[in-house]
Amino acid sequence: MLTLDKIYHASYVLKDVIRQTPLVKTSGICDDCQVYLKPENLQITGSFKVRGSGYKISQLTDEEKKRGVIACSAGNHAQGVALAATKYGIKSLICLPDGAPISKVEATKGYGAEVCMVPGVYDDAYNEAQRLREEKNYTFIHPFDDENVIAGQGTIGLEIINEMSDVDAVVCAIGGGGLISGVACAIKSLNPNIKVYGVQAEGAPSMYNSIKAGKPLSLDNVSTVADGIQVKAPGEHTFEYVKKYVDDIVTVSDDEIASAILELIESQKMIAEGAGAAPLAAVMFHKLPVKGKKVVCVVSGGNIDVTILNRVIKRGLLMTGRQQTICIELQDKPGQLKAIADIIADKGGNVISIHHERASEGSDVTGCYLRIVLETRNFDHAKEISDAITGAGFKLV
């Protein structure tokens, strides 16, 4: 059974293994509530996962350690298991889905694990890990549906309450549910009045659907930029703990997650992966009833692949009105481009790129199109520029 005593024991065992990540107060992210961040992206291995895997491996018998350990992961659990196993001198084999970010794959190898790449998503890696466990007699370290793993994650809840006893709400991302199960158990056991909210990606709402249906459900497919919470089905244990301890679950879109990642970079100088930014996205886009409250968002990890980060930042700029593409129909005669450029410059827009092409069939034979990508301050600024262009007699397409 998962108990508060077990979570306290995990905290004691892990004190020399993990970092205690102090809360970070934010300003300007939300006008209607006080937002604090629990920056587990600054944890050893860049994710909270080292807590659960570290405690689980510390509790293995000598016989289990001797057999070596196997795990499956989208990346963060892999690194936690690899680090903990190496610390205890244990052989580790990690099955990762082949879509896992390269940075996570290489980091897992760097912590001393052998890596097996499996076609598909997390659940496919899980099935392969189970097959190899039977074949090679490894000790399996589940990423979330294990009470020692959950107890390790619950140490985050203890740290939050120890640092801020008057917190009103704690928001966690949910993949399989290990993080929120441990955090919610710890917090609700110490103070049932504190609200605990879960957040899932719209493209992978397995726990959300399961709780609404009243029974664990499995999704046919999942797709989200938040690879750390891209899980088809919740765990049996975690489903019960979420049902018992968690006040509500909401979902956020990939665009909202991208906006939250960008906000963390710009306002907090903090890099978060999609799963880590999901709780902040739920608060930023008013998905939760936290007006006037002190809210802690658990930034669960920061292991985002740089190529994904580039795309996410661009998406975040589009979502917040910071980048706009406009297409203008012009007469193909001298001075047209200069007139458009003057309008944009007068309104304080910054041109990133320009593409000029002759009009296609069906248009005026002397016509052409001008496609411009702009940096703008926000949606209002972009509209101001568009209105000035149309006000000068030009046609936006």
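Start by selecting helix α4 (residues 76-87) and helix α5 (residues 102-110): in this predicted model, the two pack with their axes 8 Å apart, at an angle of about 10°. That is under 35 degrees, so α4 counts as roughly parallel to α5. Now show the side chains where they touch. From α4, pick N76, A78, Q79 and A82; across from them in α5 are K104, A107 and T108. Colour this contact by residue type and you get three nonpolar residues, three polar and one charged.

Next, bring up the strands. Four of them form an open sheet in the order β5-β4-β3-β6, paired in parallel. Look at the edges: β5 and β6 sit there with a single partner strand each, so one side of each has no neighbour in the sheet. Zoom in on β4 and β5, which pair in the parallel sense over five bridges. Click I94 and you'll find V115 of β5 standing opposite. Keep α5 on screen too, as this helix packs on the sheet, touching β4 and β5, and its direction makes about 150° with that of β5.

Last stop: helix α6, residues 122-136. Try the distance tool on its end C-alpha atoms, which are 21 Å apart; 15 residues at 1.5 Å a residue should span 21 Å, so the two agree. Which residues of α6 are buried? Select Y122, D123, A125, A129, Q130 and L132. Among the elements covering them are β3 (69-72), β4 (92-97), β5 (114-118) and β6 (139-140).

Key:
Residues numbered from 1 in each chain as written. Predicted model: local features only at pLDDT ≥ 70, side-chain atom pairs only at ≥ 80, totals over all residues. Heavy atoms only, no water. Helix = DSSP H or I, 4+ residues; strand = E, 2+ residues; numbered from the N terminus. Expected span 1.5 Å × (residues − 1). Buried < 20%, exposed > 50% of the residue type's maximum accessible area, 1.4 Å probe, protein only. Contact = heavy atoms within 4.5 Å. Axes fitted to C-alpha atoms, helices over the stretch in contact; angles between N-to-C directions. Parallel < 35°, antiparallel > 145°, perpendicular 65-115°, else oblique. Nonpolar A, V, L, I, M, F, W, Y, C, P; charged D, E, K, R; others polar. Pairing = 2+ DSSP bridges.
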